[in-house]
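The sequence and structure are shown below.

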Amino acid sequence: MGYSVVKSPRLPLLISLALASCAPSASRSVPPVLLFSGTGTSANEVAAIEAILKDRHLQYSTANSRQLNGMNAPQLMAYRLMIVPGGNFIDIGGSLAPSTTANIHRAVQGGLNYLGICAGAFLAGHASYNSVNLTSGVRFGFYAAERRGIRKAAVFISGVNTLPIEHYWEDGPELTGWGAVVGKYPDGTPAIVEGPSGKGWVILTGVHPEAPDSWRRGMTFAMPASVANAYAGTLIEAALNRTSLAHY
């Protein structure tokens, strides 16, 4: 007995739908930068860093404390760079589970790069609060201006074979004891440092090169914020690309 095939106009569509259902779904692309925006960070600080990232056309994601607490080390390592901005470093550490700071440490040892700005630099050290300890046990103190009762100031940071750049400083650390010194405070102590931590590349800064003009109200600066902001982009790209900057 012969069989006839009935052609249906819907058949190509049904086949296409069946094939689509069997195809693997496209994986979500992960941007190169993860910017922490959780408890303890300054909203203005996060916005200032976002402005630099957008100016450099760098794709990024943000993560608050709850979201970061939900990420493991492999998920963190899907990014190339983690930025922890300024704010209150004790509150930042307190908002994160001990397992989270341990995961950040493991991710950096495995190859995630890290940029810590002010509070983010404090967090990278080793301290009694819930820190990340990317510095092999080195603990950072405040820049000497803090001991004179100064809480914020315009400071010139000197580099190697370059003119000093004026930056906004507010309760930032002195980074003595770890890494290669990229920039120095006016008293000669380290303000910006860099170095490897495991397989990751770490840059820490005690000043705020990303600070916009609005942060400078009531203060006297000799240089426009755009000069420091351009340097902020340099630091971000150096951390992202594991580039060693000129150092002492």
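## Overall composition

Helices and strands are here DSSP runs, of at least four residues for helices and at least two for strands, numbered from the N terminus. On that basis the secondary structure of the protein, in this predicted model, comes to eight helices and eleven strands.

Of the 248 residues in the protein, 49% are buried. The accessible surface amounts to about 12100 Å², and carbon and sulfur atoms account for 56% of that area. When contacts between residues at least 6 apart in sequence are considered, 70% of them join residues at least 24 apart.

## The sheet and its packing helix

Seven strands make up an open sheet with mixed pairing, arranged in the order E2-E1-E3-E4-E11-E10-E9. Its edges are formed by strand E2 (60-63) and strand E9 (180-184), each of which pairs on one side only. From one strand to the next, the twist averages 15°.

Helix H8 (residues 225-241) packs on this sheet. The helix touches strand E1 (33-36), strand E3 (81-84), E4, E9, strand E10 (190-197) and E11, and its direction makes about 160° with that of E11.

## Strand E4

Strand E4 (residues 113-117) runs parallel to strand E11 (residues 200-205), and four bridges join the two. E3 and E4 also run parallel and are joined by four bridges. Leu-115 stands opposite Ile-203 in E11, while Gly-116 of E4 is the bridge partner of Val-84 and stands opposite Leu-204 in E11.

How is E4 covered, and which way do its residues point? Five of the five residues in E4 are buried, which leaves the strand mostly covered. In a regular strand, side chains alternate between the two faces of the sheet. In E4, Asn-113, Leu-115 and Ile-117 point one way, whereas Tyr-114 and Gly-116 point the other way; all are buried.

## An enclosed cavity

Rolling a probe the size of a water molecule over the atoms shows where empty space is left. The count comes to one cavity of 30 Å³ or more. The largest cavity holds about 40 Å³ of space.

Which residues line the largest cavity? The lining consists of Leu-115, Ile-117, Thr-205, Pro-209, Glu-210, Ala-232, Leu-235 and Ile-236. E4 and H8 are the elements that give two or more residues to this lining. H8 supplies the largest share, with three residues. Leu-115 and Ile-117, both in the lining, point one way from E4.

## Leu-35 in strand E1

Leu-35 is found in strand E1. Is this residue buried or exposed? Because its relative accessible area is 0%, and buried means under 20%, Leu-35 counts as buried.

Leaving aside neighbours within four places in sequence, Leu-35 is in contact with Val-46, Ile-49, Glu-50, Leu-53, Ser-61, Thr-62, Ala-63, Ile-83 and Pro-85. One of these contacts, Ser-61, lies 26 residues from Leu-35 in sequence, with 6.1 Å between the two C-alpha atoms.

Key:
Residues numbered from 1 in each chain as written. Predicted model: local features only at pLDDT ≥ 70, side-chain atom pairs only at ≥ 80, totals over all residues. Heavy atoms only, no water. Pairing = 2+ DSSP bridges. Axes fitted to C-alpha atoms, helices over the stretch in contact; angles between N-to-C directions. Contact = heavy atoms within 4.5 Å. Buried < 20%, exposed > 50% of the residue type's maximum accessible area, 1.4 Å probe, protein only. Areas by Shrake-Rupley, 256 points an atom, 1.4 Å probe, with all protein chains shown as cover. 1 Å grid on protein atoms, 1.4 Å probe; cavity = no way out; pocket = protein on both sides within 12 Å on 5 of 7 lines; lining within 4 Å. Points joined across faces, edges and corners; volume = space filled by probe spheres on them.
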